[in-house]
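Thank you all for coming.

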Amino acid sequence: MPLPVPSRSAVPAAVLAALLNACHHAPDVAALQAQARQYAQRGEYKSAVIQLKNVLQREPRNAGARQQLGATYLDQGDAVSAEKELQRALDLGAPAAQVRPLLGKALLRQGKYQAVLDGFAADAEPDNLCLRAEAQIGLGHADLARALFAQALARDPDFAPALLGQARFALAAGQTDTAAQLVDHALKRHPDDADSLRLRGDVLRVAGKRTEALAAYRHLLAVHPGFAAAHIDVANLLIDAGQFDAARAELNAARASSAPSLSVFFAQAMLDYRQGKPAAALDGLQQILRVAPEHGPSLLLTGAVELALNSLPLAEQHLNQYLSHEPGHALATRLLAQVHVRNNKPEAALALLAPLLDAHPDDVELLALAGEANLRANHNERAAALFERASALQPRQPLLQAAAGLSRLRDGDMARAAAELEHATSLGGAPRRASSLLVMSHLGEHQFDK
């Protein structure tokens, strides 16, 4: 018996039913955007970006999705892509009051300070005043930045970005209590604000409260999972503590949640350097300096790495470049002085070290470095005095005793040199050079039996 032939009207109806069923199962645009928000809240920014790109494949002119994608890129650390999407969102009619502050942040993170000043010059809202203040900081105009933060607080005394701006100035001046009070003020209004929570950790770290700082960064990650900057902050604390495996795990977590960033590359270079892998550290730093040749922290660390590798001309070049932007910086000055000592330019080293010694008269490493420079310059009495001061501060350090003895020996004070060198060798763990110098002193005094 032949099968019944469907009617003309039955075929389109079946097809329509199938299409309707397929549409019922496929997520709509609103659902995709909601899923993207959920991913972002969990710190799964890469998954959020994928969902938003799916939305924009269907609706390329969806201003809200462009805005959401730009904000997600910003959270992920991809400021270049964030700028592009946020500008498109504005062009498509997204609310300027919501989009422009995000766009300003994207510009700041790329170092486009003048673009921020030009683009936000006419607006006196607190958001825009703070963006301009941050741009002025980037251009080195601290007084202008302070004035803009003050204007923002005059309009809104509880405005968190302005409070945080003032807190960073206080922190830079060593006023940790003032900085902590300003951060607490900001957190009262917005207890989950990521920037405020991060700065609270920074204040604790600068105050030397490393355990509390680590807890603050961990709390930030609990509130904002996937916040790459907090993973890097934790990693830096762990590097300082010598917990290198744990630090590496934090850096891997930062990479998993964020776009490639200078901060991750720099922290990895620091980890390599601290682990005694200067060649690996240098490779990472060179990658940074290719794209950001004026990145200050990388210039400073590159100087230290080149010094460790005994590449003295390159170390001097990078340290001088850093000091041209940060004149008088203590660590850079100390490193450059070490370069000059190794290059047998002791007078140049002493000129750099003089103001540091005035500011830090009890810094043992600084005293020892100045002693070595004086020794190389044949200022033996001065060298001995410096080594003796350092040795008094660290009396169980045999190398300092030996260095003081060498200075006296070279100055002809054989008896005193012998006494100091003998004390150095008695401390245990003294370098072999101390014993050799002691032998030399006895020979000089014709005390052959000793």
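When I say helix or strand, I mean a DSSP run, H or I of at least four residues for helices and E of at least two for strands, numbered from the N terminus. On that definition the protein has 26 helices and zero strands. Please keep in mind that this is a predicted model, in which local features need pLDDT of at least 70 and side-chain atom pairs count only at pLDDT 80 or more, while totals for chains, interfaces and linings use all residues. Residues are numbered from 1 along each chain as its sequence is written, and side-chain values use heavy atoms, with hydrogens and water left out.

Let me turn to burial, where buried means under 20% relative accessible area, exposed over 50%, and partly exposed in between, with a 1.4 Å probe and protein chains only. Of the 450 residues, 44% count as buried. A nonpolar core, here, is a set of buried Ala, Val, Leu, Ile, Met, Phe, Trp, Tyr and Cys residues joined through side-chain atoms within 4.5 Å. The largest such core has 48 residues, and within that core Ala162, Val183 and Leu199 touch the most other members. Apart from it lies another core, of 29 residues, which includes Leu86 and Leu117.

Leu86 brings us to helix H5, whose buried residues are Ala79, Ser81, Ala82, Glu85, Leu86 and Ala89. Seen down the axis of H5, these residues fall within an arc of 150°, taken from the directions from the helix axis to the C-beta atoms, so they line one face of the helix. They pack against helices H3, H4 and H6, contact meaning heavy atoms within 4.5 Å. The face turned away from that buried side carries the exposed residues Val80 and Asp91, and just after H5, Gly93 takes a positive phi of about 100°.

Now, which residue forms a salt bridge with Glu85? The rule is a side-chain nitrogen of Lys or Arg within 4 Å of a carboxyl oxygen of Asp or Glu, and the partner is Arg66, with the closest N and O atoms 2.9 Å apart. This pair links distant parts of the chain, Glu85 in H5 and Arg66 in H4, 19 residues apart. Glu85 is buried at 5% relative accessible area, and Arg66 is buried at 11%. Arg66, Glu85 and Arg88 are linked in a network of salt bridges.
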